[in-house]
Amino acid sequence: MSQTVRTRPEGSGQPLSEAYDTALLDLDGVVYAGGSAIAHAVESLGTARGGGMHLAYVTNNALRTPDTVAEHLTELGVPTEAGDVITSAQAVARLISEQVPAGARVLVIGGDGLRVALRERGLEPVESVDDDPVAVVQGYGGPDLPWGRFAEACYAIGRGVPWFASNTDLTIPSARGIVPGNGAAVEVVRIATGAEPQVAGKPLTPMHRETILRTGAERPLVVGDRLDTDIEGAFNGEVDSLLVLTGVTDGAQLLAAPPRHRPTYVDADLRGLLTGQPEVVEAGDGFRCGGWTATAGSDRLELDGEGEVLDGLRALCAAAWTAAGAGSCGLDGGKALARLGL
Ligand SMILES: [Mg+2]
């Protein structure tokens, strides 16, 4: 990876929906949360699409099929075809298909999303090590996945069968709280076997490659709420990214981001797709965006001025990321963020 270190958010004279041909959108924390649409998501996506931007939805969740995801989005008011949904199950199925003979049997530890994706690549999902699989794949199986499925994976790995995982997100949000995700299930098998899986999902490149192959995007913009999956995935794929603050990332995490976690743009929500982005410019020994000027002191970040909250955050990003260079900013941004109500 030979990317230059980003030290400030970029500006854009054009609305992002015109500057990029395709938005590769994360779902949870971007389009919906807990089953309901996030504020401004439905209208913003409708306007972006009406203006000619291609919208695709990219999820690490391997349980649901693209059909199910598309139906859910359409019900929420975001009309979506299954072909515009890309899952980590599809990415891992392609990865497996490149390493095993056509029509090969693959042991599935997970849900229907994996089985459908394997069949799409001409592979045969099987449920037992006694079916002589040539690969074993593990994806999120939902709360009812029996413990015995992990044993089945261990038997296969013990026989030398190569092990694949759709993704390694340790947790997954549910209506009642945070629960173990596929990454936690992968850890169970890793601890029991000492083996290492090949992983496809965000932030790794097999997932990004799958989205580009399926969308044909020439100038894609990754849109996400998580620094260590969405934004790092864009960094690894060497494409631009927009962080929205409607999900898991807060201002302090953004200011402390190392280079691979720094988005190209930051905005409050998906309305950011429809507007240009202001420039952050050097001003004295600090950085100005809109009415705000941010500087890095010896132990904390300072913010002066007034104006739009997001402009203040963009100026602070420039001060923090410049001070941190290729590392992670350790300066205290708490007071400056409090001025912005963040
Ligand atoms: Mg998310």
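Which residues coordinate the magnesium ion? The legends below begin with that site. The model is predicted: local features need pLDDT of at least 70, side-chain atom pairs count only at pLDDT 80 or more, and totals for chains, interfaces and linings use all residues. Residues are numbered from 1 along each chain as its sequence is written, and side-chain values use heavy atoms, with hydrogens and water left out.

**View 1. The magnesium site.** Asp26 (OD), Asp28 (O) and Asp225 (OD) coordinate the magnesium ion at 2.0 to 2.2 Å. Donors are N, O and S atoms within 2.8 Å of the metal (3.2 Å for Na, K and Ca); water is not among the atoms, so the site may look incomplete. The spacing of the donor residues in sequence is D-x1-D-x196-D. Aspartate 26 is buried at 11% relative accessibility, whereas aspartate 28 is partly exposed at 33% (buried, under 20% relative accessible area; exposed, over 50%; partly exposed, in between; 1.4 Å probe, protein chains only).

View 2. Threonine 59 belongs to strand β4 (strands are DSSP runs of E, at least two residues, numbered from the N terminus). With a relative accessible area of 10%, threonine 59 is buried. Its side chain reaches the backbone nitrogen of asparagine 61 at 3.0 Å. Leaving aside neighbours within four places in sequence, threonine 59 is in contact (heavy atoms within 4.5 Å) with Leu27, Ile86, Thr87, Ser88, Lys202 and Met207.

**View 3. The surroundings of leucine 45.** Not counting residues up to four places away in sequence, leucine 45 touches Leu25, Val31, Leu55, Tyr57, Val78, Leu270 and Leu273.

Notes
Helix = DSSP H or I, 4+ residues; strand = E, 2+ residues; numbered from the N terminus. Polar contact = N/O pair within 3.5 Å; in protein donor to acceptor, adjacent residues only side chain to side chain.
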